[in-house]
Amino acid sequence: MSLSTRLRLGLAGVIALAVLALGCGGTGTDELVIGEYGSLTGNDATFGQSTKQGVELALGELVAQRQGRIGGLKVRVVSEDDQGRPEEAVTVVKKLLNQDRVCAVIGEVASSRSLAAAPVCQEAGVPMISPSSTNPRVTQVGDYIFRMCFIDPFQGTVMARFAAQDLHVRRVAILKDVKNDYSVGLAQFFTEAFTNLGGSVVTEQAYSAGDQDFRAQLTNIKGKNPEAIFLPGYYTEVGLIARQARELGIRAPILGGDGWESEQLLEIGGEALNGCYYSNHFAADNPDPRLQEFLKSYKARFGKESDAIGGLAYDAARVLFQSLEKLAEQDPDTFRGLASSKAGTAARRPADKKLRDLIATTTNFAGVTGIITLDENRNATKPAVVLAIRDGKKVYDTTINP
Amino acid sequence: MSEFLQQLVNGVTWGSVYALIALGYTMVYGILRLINFAHGDIYMLGAFFGFYAPGLIVAAGARAGEWLEGAHRVLHGVPVLGPGLGRLAAALSAAGSMADALQALLVLVIAMVGCGLLGIVIERGAYKPVRRSSRLAALITAIGVSLLLENGGVLVFGPDPKFFPQIIPSSNIALGGGVTISNQQVIILTVSILLMFALRFIVTRTRVGKAMQAVSHSHMAASLMGISVDRIITFTFVLGSMLAAAAGVLVALQNPKIEPYMGVMPGLKAFVAAVLGGIGNIPGAVLGGLVMGVAEVLVVGYVSPTYRDAIAFVLLIIILLVRPAGILGKAQAEKV
């Protein structure tokens, strides 16, 4: 390679870099960009839709109260659809971080997808708040990952205690989704807690999300004649499984976790779900005024009832707004580092670090899903409610405290 | 024992769906030597047509009712015709609340007709232009059509799952010995068997069926005998697509979740079923479908559910090694 070619190449590189820098720099006015990702489409689409609407509602209140500004910066939320696929979750979170230059991320509901995207946020040093992923490994990814809900060791215990002490059953069959971290984890924690309480798991069967026919597994379960079935899956499969179980003549109640929480659960499962129970983050018939006000404004805005997933997303957004406000008050200079024009500069990382520290110290935040205090593992400790399905309606049954 | 019998019942019902789809593969292959990879997506479209059909029935009923009502008003003066039209209008307006079974049948027919028409469009639009090219060109066209239907489905119907209305409420029928079958499984089995017999009748007893057989032997000889080969090929596509549509509606009646990619796996497995039974052979497709359904259910029931999709391809490998022509297929020397 001759000197002149090298020179020319070098020059071309410099020009390219300059063009790139120009392209990144000029965003006009400063704003505070927050990323949100979820499954707006796909097998469990209501998870992502509820999350998006919960965040939108919180943003709407911010606009109504303070023109949508925190510390003088206008807040903008960018929502991305991961189609319910973990690999797509990684892609959209990378897009949020690199292209939209967000200062914090809210998402996902499904633990598998949170687990896929969390390392990306951790490495970039951008706080990620999962509203409703309950698998304990999600926040173990690193110190920038938070959640607004309880974790599965607790949720498994809740349903084990409910089965043993409220339903008085001793023989339970488990049917779990083998490709789903949430389902596998919850099944394991339930088994541990339930055997400690003196019960026994008579059989453990498995399926994969997307299957249509579950009769083979249910026939095996029927042969073992359990008193209840624990089904820690997502609502789509739960509805289909419940139907097929009843068709095979299985009358035992089916128990599940917060993966059942969707407006579509009863649409799919129909009558087959009557007499079943699942653990959840809130009960819509709880008279708590904060919750009722949230449900009312959600309905006024979106024309439908909110599920707990929407409530958790609303809380996640408000915890994030509160932390941003605190940062703007305590340290306005560092706070400016979160502005969109500061993305990629040296000012961004310390600002995100400060924001992380403030989120981590969230204590006694009055959320619609309960009082949120983050522990040293960045998990919220909250009571769980058990909902019963009777006559095609979800009704509050009992509360189980940690 | 009763558990095993129950698994067999599950397997046979599930297999009869594969059999219906496999029939389409095998017929098209018999006539054209083409693997129609878009066939699984026709099955998906059948389910979606069925999904939108009840709305269509009600709307059409109401529209016809209104129109007749108008005509009734105009013709009020005419003594006999007026009141008669009025009664007809009322009957048509009530079409939405007609009996479950009748509505299910109408849904099935609408889906089958819709997919039959689609079969014509696909054959005329995509396969006919490449019929004289190499077989590889046709095969790649088939994959293209399949992708087009799937992604077109995402565009038109949306990517999230829809839930098929419960036209026929499910109920249990005890078969004794702890074995049960649901009324929907009975419907799947009965309709499948009826359709298979209808197909057999068409192929062996009617002129057009005999023409199909002739075309499958030799296009050239058939056309020399005065058979319109193009028309027979189109007819074959119509028949195959209608059977796939029926399978789609039947499955959706039982498992109400439908989405644009639902045809991919059943399509592949039905293709394996057709090869298993001997591709090009109609009873072979039925047998292959049943073997496939039973094998799948037994693997899930007694081995591991993770092998559910693997078993199809294990069966394919075994049959290709042991008896490449398929269970009922006749070995043919291929001219090279």
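**Exercise 1.** How much space lies in the second largest cavity? State also which residues line this cavity and how they divide by class.

*Solution.* This is a predicted model, in which local features need pLDDT of at least 70, side-chain atom pairs count only at pLDDT 80 or more, and totals for chains, interfaces and linings use all residues. Residues are numbered from 1 along each chain as its sequence is written, chains are lettered from A and ligands numbered from 1 in the order in which they are written, and side-chain values use heavy atoms, with hydrogens and water left out.

Step 1. A cavity is a set of points, on a 1 Å grid over the protein atoms alone, where a 1.4 Å probe fits but cannot get out; lining residues have an atom within 4 Å of a point. Points are joined across faces, edges and corners, and a volume is the space filled by probe spheres set on them.

Step 2. The second largest cavity holds about 40 Å³ of space.

Step 3. Its lining consists of Asp213(A), Arg215(A), Asn10(B), Thr13(B), Trp14(B), Gln185(B) and Gln254(B). Helix H1 (residues 2-32) of chain B gives the largest share, three residues; helices here are DSSP runs (H or I, at least four residues) and strands likewise (E, at least two), numbered from the N terminus.

Step 4. Ala, Val, Leu, Ile, Met, Phe, Trp, Tyr, Cys and Pro count as nonpolar, Asp, Glu, Lys and Arg as charged, and the others, Gly among them, as polar.

**Exercise 2.** Which span should helix H6 (residues 152-166) of chain A have?

*Solution.* Step 1. The expected span is 1.5 Å times one less than the number of residues.

Step 1. For the 15 residues of H6(A) this rule gives 21 Å, and the end C-alpha atoms are 20 Å apart, which agrees.

Step 2. Just after H6(A), His168(A) takes a positive phi of about 55°.

Methods:
On a 1 Å grid over the protein atoms alone, a cavity is a set of points where a 1.4 Å probe fits but cannot get out, and a pocket is an open set with protein on both sides within 12 Å along at least five of seven lines; lining residues have an atom within 4 Å of a point.
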